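This report goes through the strand pairing, the helix packing and the charged side chains of the structure shown below. Please keep the sequence at hand while reading.

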Amino acid sequence: MQKRHTDREQYFKELAATCKKYYIPFLDKETSIGRGTKVLEIGCGDGGNLLPFLECGCDVTGIEISPTRISQAKSFFEKHSTAGRPELECADIFKWHTDKRFDIILLHDVIEHIHDKAALLGKIEQLLTDDGLLFCGFPAWQMPFGGHQQICADKLLSHLPFIHLLPARLYRRFIKWRKESDAKADELIDIKDCRVTVESFEKIIKTQTRLTIRKRTLWLINPHYEIKFGLKPVRLACPFDRLAYIRNYMSTSCFYLIGK
């Protein structure tokens, strides 16, 4: 497990830096971001992604199911924000109701944890303005650490690439052999059950929603790795980004802009 998984304030600042440098420019080419722009992040965690939008003058809302994360987010904004405070709510997005409609919705490193992806995207469609955009980012399942095994306490397990591709029963036995907790084993198996690939995500968009993919960028080296590991981001180049299934092994992050 890396230090950032226990030092949440460091993680907050790292997310804010990556969002400012990469997520906002990715969006800014397709829509305006500034005073009056209504922004929602679903699964906002500690809130790091929201800080740069707040600094741009946006009307910012964050929804997170974990009360601990919401509490931490509020304390981090108190400490690090000079641009005001976002509206933060502890809620299950499937049960959350609001009269607001949003110009931008962020869904970053969240959809790979959701079982009913079509239902979530349907909810997002309801929350978007007519010309609003969803920014969705996720690691392709077959990439070296697509199973999020880096969150494990065991050093070997947290550094083993592709271990999550083992059959579920064997994977669980390996996790337990490395003396990870039952809760951690359950979490990793749940991630395996919820896995998402480029193909499965795009199929859901095209066949189970009325949404449209406006833009896609696959990353060989995730932009967030710049602040985490000092690695310069690299896009997955043509023709590799067009090679179905094979591209999932190479895509450490997949960026999508999706509209109605």
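In the angles given below, axes are lines fitted to C-alpha atoms, for helices over the stretch in contact, and an angle runs from 0 to 180 degrees between N-to-C directions. The model discussed here is a predicted one.

## Sheet architecture

The strands of the model include eight that form an open sheet with mixed pairing, in the order β3-β2-β1-β4-β5-β8-β6-β7. At its edges lie β3, residues 87-90, and β7, residues 234-235, each of which pairs on one side only.

Strands of a sheet pair through backbone hydrogen bonds, in either the parallel or the antiparallel sense. Both senses can be followed in detail here: strand β1, residues 38-42, runs parallel to β2 and is joined to β2 by five bridges, with Glu-41 having Gly-62 of β2 as its bridge partner. By contrast, β6 (residues 212-221) and β8 (residues 253-259) are antiparallel and pair over seven bridges, and in this pairing the bridge partner of Lys-215 is Leu-257 of β8. Strand β2 is also mostly covered, since five of its six residues are buried.

## Helices across the sheet

Helix α1, spanning residues 8-28, lies across β4 (102-108), β5 (128-138), β6 and β8, and runs at about 35 degrees to β8. Helix α3, spanning residues 67-80, lies across β2 (59-64) and β3, and runs at about 160 degrees to β3.

Within α1 is Cys-19, which counts as buried because its relative accessible area is 0%. Leaving aside neighbours within four places in sequence, Cys-19 is in contact with Ile-24, Pro-25, Asn-49, Pro-52 and Phe-53. Between Cys-19 and Asp-7 there are 12 residues of separation in sequence and 19 Å in space, taken from C-alpha to C-alpha.

Helix α8 has as its buried residues Val-198, Glu-199, Phe-201, Glu-202, Ile-204 and Ile-205, and what covers these residues includes α4, β5, β6 and β8. One of them, Glu-199, has a relative accessibility of 15% and therefore counts as buried. When neighbours within four places in sequence are set aside, Glu-199 is in contact with Ala-244, Tyr-245, Arg-247 and Asn-248.

## Salt bridges

How many salt bridges does a search of the whole structure find? The search finds 14. One of these joins Glu-9 to Lys-79, with the closest N and O atoms 2.9 Å apart; this pair links distant parts of the chain, as Glu-9 is in helix α1 and Lys-79 is in helix α3, 70 residues apart. Lys-79 is exposed, with a relative accessible area of 58%.

A salt bridge is also formed by the side chains of Glu-78 and Arg-85, at 3.4 Å from N to O. Glu-78 is exposed, with a relative accessible area of 53%, whereas Arg-85, at 40% relative accessibility, counts as partly exposed. Glu-125 and Arg-210 form a salt bridge in which the closest N and O atoms are 2.9 Å apart. Because Glu-125 lies in helix α4 and Arg-210 in the loop between α8 (198-208) and β6, this pair ties together parts that are 85 residues apart in sequence. Finally, a network of salt bridges links Asp-59, Glu-87 and Lys-100.

Glu-112 is located in the loop between β4 and α4, the latter spanning residues 117-127.

Glu-112 does have a polar contact, made by its side chain with the side chain of His-148 at 3.3 Å. Beyond residues up to four places away in sequence, Glu-112 touches Phe-138, Pro-139, His-148, Ile-191, Cys-194, Arg-195 and Val-196.

Key: Residues numbered from 1 in each chain as written. Predicted model: local features only at pLDDT ≥ 70, side-chain atom pairs only at ≥ 80, totals over all residues. Heavy atoms only, no water. Pairing = 2+ DSSP bridges. Helix = DSSP H or I, 4+ residues; strand = E, 2+ residues; numbered from the N terminus. Contact = heavy atoms within 4.5 Å. Polar contact = N/O pair within 3.5 Å; in protein donor to acceptor, adjacent residues only side chain to side chain. Salt bridge = Lys/Arg side-chain N within 4 Å of Asp/Glu carboxyl O. Buried < 20%, exposed > 50% of the residue type's maximum accessible area, 1.4 Å probe, protein only.
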